[in-house]
Amino acid sequence: MAGEPQDDCLFCKIVAKHIPATIVRETETTVAFRDINPQAPTHVLVIPKVHYADAAELAAGAPEVAADLLRETQAVADEEKLDSYRIVFNTGSGAGQTVWHAHAHVLGGRGMQWPPG
């Protein structure tokens with residue numbers, strides 16, 4: 001059920017502290033941690049503590065948490081002293097989503113090319 005922790009979800013296990021992660025920020029509604037396969041010098045994932053499969057589902061089901069998640073991407077960028085950065089939401093396997101728990105990638109510390117991918 002959307003919003004409820006899922007036993008088979010990697011990110012739900014990180015939220016529950018059943019799997020370790022290098023946490024850089026935590027709020028009442030979000031957790032931010034370093035990606036284990038970084039694609040830039042700074043690569044932090046910001047996730048909601050509630051389980052929604054992707055960003056679209058999160059926005060529809062818990063818009064206040066989606067807003068919290070976006071605010072936290074800025075807080076991460078500020079703490080990491082990023083003058084410029086990219087926020088990425090992958091939605092669906094064709095877009096590269098591999099963990100079915102909404103999350104934002106905060107990428108910075110190098111130039112970002114356009115178009116991505």
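Is E26 buried, partly exposed or exposed? In this predicted model, E26 counts as partly exposed because its relative accessibility is 40%.

**View 1. The salt bridge between E26 and K17.** The side chains of these two residues meet at 3.1 Å, N to O. Like E26, which has 40% relative accessibility, K17 is partly exposed, with a relative accessible area of 49%. K17 is found in the loop between α1 and β1. The pair belongs to a total of six salt bridges found in a search of the whole structure.

**View 2. The salt bridge between R25 and E72.** The two side chains meet at 2.5 Å, N to O. R25 lies in strand β1 (residues 23–26) and E72 in helix α3 (residues 63–79), so the pair ties together parts that are 47 residues apart in sequence. R25 is partly exposed, with a relative accessible area of 21%, whereas E72 is buried, with a relative accessible area of 10%.

View 3. E79 counts as partly exposed because its relative accessibility is 45%.

**View 4. The largest pocket and its lining.** The volume of the largest pocket is about 660 Å³. Its lining consists of 31 residues, and those nearest the centre of the pocket are D35, N37, H43, L45 and H105. At least two lining residues are supplied by each of α1 (10–15), β2 (30–34), β3 (42–48), β4 and β5. The largest share of the lining, three residues, comes from α1. Sorted by class, the lining has 15 nonpolar, twelve polar and four charged residues.

**View 5. A nonpolar surface patch made by L70, I87 and F89.** The area of this patch is about 230 Å². F89 lies in the loop between β4 (85–88) and β5 (104–108). With a relative accessibility of 32%, F89 counts as partly exposed.

**View 6. Positive phi values at K17 and K81.** Most residues other than glycine have a negative phi. K17 has a positive phi of about 70° although it is not a glycine. For K81, likewise a residue other than glycine, phi is positive and near 60°. K81 is found in the loop between α3 and β4 and counts as exposed, because its relative accessibility is 71%. K17, in the loop between α1 and β1, is partly exposed at 49%.

**View 7. The cis peptide bond between W114 and P115.** Most peptide bonds are trans. The bond that joins W114 and P115 is cis, with omega about 0°. P115 is found in the segment after β5.

Notes. Residues are numbered from 1 along each chain as its sequence is written. This is a predicted model: local features need pLDDT of at least 70, side-chain atom pairs count only at pLDDT 80 or more; totals for chains, interfaces and linings use all residues. Side-chain values use heavy atoms; hydrogens and water are left out. Patches are made of residues with over 30% relative accessible area and no salt bridge: like charges are joined within 9 Å, nonpolar side chains (Val, Leu, Ile, Met, Phe, Trp, Tyr) within 5 Å. Accessible areas come from the Shrake-Rupley method with a 1.4 Å probe; for residues, only the protein chains shown count as cover. A salt bridge is a side-chain nitrogen of Lys or Arg within 4 Å of a carboxyl oxygen of Asp or Glu. Helices (H or I, at least four residues) and strands (E, at least two) are DSSP runs, numbered from the N terminus. Buried means under 20% relative accessible area, exposed over 50%, partly exposed in between (1.4 Å probe, protein chains only). On a 1 Å grid over the protein atoms alone, a cavity is a set of points where a 1.4 Å probe fits but cannot get out, and a pocket is an open set with protein on both sides within 12 Å along at least five of seven lines; lining residues have an atom within 4 Å of a point. Grid points are joined across faces, edges and corners, and a volume is the space filled by probe spheres set on the points. Ala, Val, Leu, Ile, Met, Phe, Trp, Tyr, Cys and Pro count as nonpolar, Asp, Glu, Lys and Arg as charged, and the others, Gly among them, as polar.
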